[in-house]
Amino acid sequence: MDQENAESATACPTPPIAEAEAMPDEELLYDLADLFKTFGDTTRIKILYALMGADLTVSEIASLVGATQSAISHQLRTLKQARLVKFQRDGKNVIYSLSDDHVYTMLAQGMTHICE
């Protein structure tokens, strides 16, 4: 394997184009599987979907999702650990948003996929 391919195999590789390309490190594959597990909860998907439209507080998310603030806070902790949401303080309020455009893209692509 040449040096360029060796570096890409240890970094964040792109999906293989040909069968001969190297499998990513086990740790990267574990992290990817863990990321997708995070999407395996309907409440978390509802939270992410709500945040696709606007930055929101816990109480706003709870109202939109139809869950308690405690339940939303619990799920937001998981989403923060997965780096899918971020937050900023605004006085006493904490405003949540999607971490970046990749999260929006994953959700939009997933919705497109299931609607085809």
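Is Y96 buried or exposed? I looked it up: Y96 is buried, with a relative accessible area of 8% (buried means under 20%, exposed over 50% and partly exposed in between, with a 1.4 Å probe and protein chains only).

Before going on, I noted that this is a predicted model, where local features need pLDDT of at least 70, side-chain atom pairs count only at pLDDT 80 or more, and totals for chains, interfaces and linings use all residues. Residues are numbered from 1 along each chain as its sequence is written, and side-chain values use heavy atoms, with hydrogens and water left out.

**Entry: aromatic rings**

I counted two aromatic pairs (rings of Phe, Tyr and Trp, the last by its six-membered ring, pair if their centres lie within 6.5 Å; planes under 30 degrees apart are stacked, over 60 edge-to-face and the rest tilted). F36 and F39 make a tilted pair, at 6.3 Å centre to centre with 40° between the planes. I found F39 buried, at 16% relative accessibility. F87 and Y96 have ring centres 6.0 Å apart and planes at 45°, so I wrote this pair down as tilted. F87 is partly exposed at 42% relative accessibility.

**Entry: two helices**

Next I looked at α3 (residues 42–53) and α4 (residues 58–65), whose axes come within 10 Å and cross at roughly 115°. Helices here are DSSP runs of H or I with at least four residues, numbered from the N terminus; axes are lines fitted to C-alpha atoms over the stretch in contact, with angles from 0 to 180 degrees between N-to-C directions. Contact (heavy atoms within 4.5 Å) is made by T43, K46, I47, A50 and L51 of α3 and I61, L64 and V65 of α4.
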